[in-house]
Amino acid sequence: MSFLPKLGLVATTLAGLMLPAGAQDYPTKPVRIVVPFAAGGPADVFARQLAQYLSESLKQSFVVEDQPGAGSIIGTNAVAHAAPDGYTLLAMSNTHTTNESLVPTKPFALMRDFVPVSPINYSDLVMVVHPSVAAKDLKEFIALAKSKPGGLNYASSGTGTPYHMAGELFKSMSGTDIQHVPYRGSSGARNDVIGGQVQMMFDAITTMASNVQAGQVRALGTTGDKRSTVLPDVPTIAEAGVPGYESTIWLGIMAPAGTPKPIVEKLNAAINKTINRPEIIAAWDRQGATPMTMTPSELDVFLRKDIEKWAEVAKFSGATAH
């Protein structure tokens with residue numbers, strides 16, 4: 001009878017080995033990365049770069065699919081209802097952690113319906129105005145805004161996006177009343193600021209720097225704790241007139257809840273290896289982005305803390321979903 005426990009042990013061991021074997025074969029068909037934001041924005045751009053390298057390293061196609069709308073909720077909800085098999089992934093940002101408090105009626109809960117896979121990178125934002133705005137620097141802009149409460153507008157790519165919350169944080173810390181104009185995506189918001197339909201916008205340095213350099217918009221400040229290497233002549237908002245101000249945009253990958261842990265860990269390892277390639281680090285540095293490396297469990301802790309942080313910002317700024 002003594003052989004029975006041994007057989008049980010063998011069966012348990014084999015069962016334990018079978019799941020990683022499935023992950024070892026993954027992926028066996030194309031993988032979709034759903035970007036719930038408009039084409040041309042940071043999430044779209046960096047997801048496509050990531051997909052290219054993952055396709056090479058994992059020997060299977062990674063295809064980016066843009067599903068923008070409702071401040072990321074449309075595309076995100078589609079992924080929440082996808083099969084938890086590792087073949088549908090979500091490209092996400094701090095829009096998602098902000099929406100946990102700003103949009104309580106959304107059809108999903110981030111930490112319930114998704115599992116963290118890996119962060120991608122983070123970058124500073126830049127505050128820009130149309131050249132027709134009568135303010136050459138940040139202090140002049142704040143004085144102008146205070147002289148006409150509610151008379152100036154700022155664009156964002158939608159409620160709860162980093163651009164929106166950067167604007168709300170700026171309003172709160174500078175004591176200004178500037179009207180929020182949400183768009184369906186960053187491209188529309190960017191085009192209207194360049195065209196002069198809206199006076200101001202916070203945008204990712206990775207996408208707006210070229211417009212600043214071309215003179216299409218005037219940069220008043222960047223949002224990091226130190227000057228950007230991409231726009232070194234532009235002061236930080238903190239040094240230009242709003243001490244303590246800081247805001248960034250970060251990106252990451254999540255999967256539907258229930259996705260097997262070995263697949264999540266395989267994806268995490270592949271993404272971390274990709275974003276730490278010397279050529280990726282150098283290319284992203286030229287664009288103003290910095291790789292973020294975490295394990296899935298570390299990302300889980302990071303996301304929960306970020307949800308709490310933006311809930312506090314929304315509370316003291318009075319930001320609402322509209």
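**Close-up views of a predicted model**

**View 1. Thr98 counts as buried, since its relative accessibility is 1%.** In this predicted model, Thr98 belongs to helix α4, which covers residues 94–102. When its neighbours within four places in sequence are set aside, Thr98 is in contact with Gly160, Met165 and Trp310.

**View 2. Trp250 and Phe302 form an edge-to-face aromatic pair.** The structure holds 8 aromatic pairs, and in the one shown here the ring centres of Trp250 and Phe302 are 5.2 Å apart while the ring planes stand at 70°, an angle over the 60 degrees required, so the pair is classed as edge-to-face. Trp250 is located in strand β9 (residues 248–256) and Phe302 in helix α13 (residues 296–317), so the pair ties together parts that are 52 residues apart in sequence. Trp250 has a relative accessible area of 4% and is therefore buried, whereas Phe302, with a relative accessible area of 22%, is partly exposed.

**View 3. Four aromatic residues form one cluster.** The members of this aromatic cluster are Phe141, Phe170, Phe202 and Tyr245.

**View 4. The charged end of Lys29 sits over the ring of Tyr87.** In this arrangement, the charged end of Lys29 is placed 4.8 Å from the centre of the Tyr87 ring.

**View 5. Lys106 lies over the face of Phe108.** For this lysine and phenylalanine, the distance from Lys106 to the ring centre of Phe108 is 5.6 Å.

Key. Residues numbered from 1 in each chain as written. Predicted model: local features only at pLDDT ≥ 70, side-chain atom pairs only at ≥ 80, totals over all residues. Heavy atoms only, no water. Helix = DSSP H or I, 4+ residues; strand = E, 2+ residues; numbered from the N terminus. Buried < 20%, exposed > 50% of the residue type's maximum accessible area, 1.4 Å probe, protein only. Contact = heavy atoms within 4.5 Å. Phe/Tyr/Trp six-rings, centres within 6.5 Å; stacked < 30°, edge-to-face > 60°. Lys NZ or Arg CZ within 6 Å of the ring centre and 35° of its normal.
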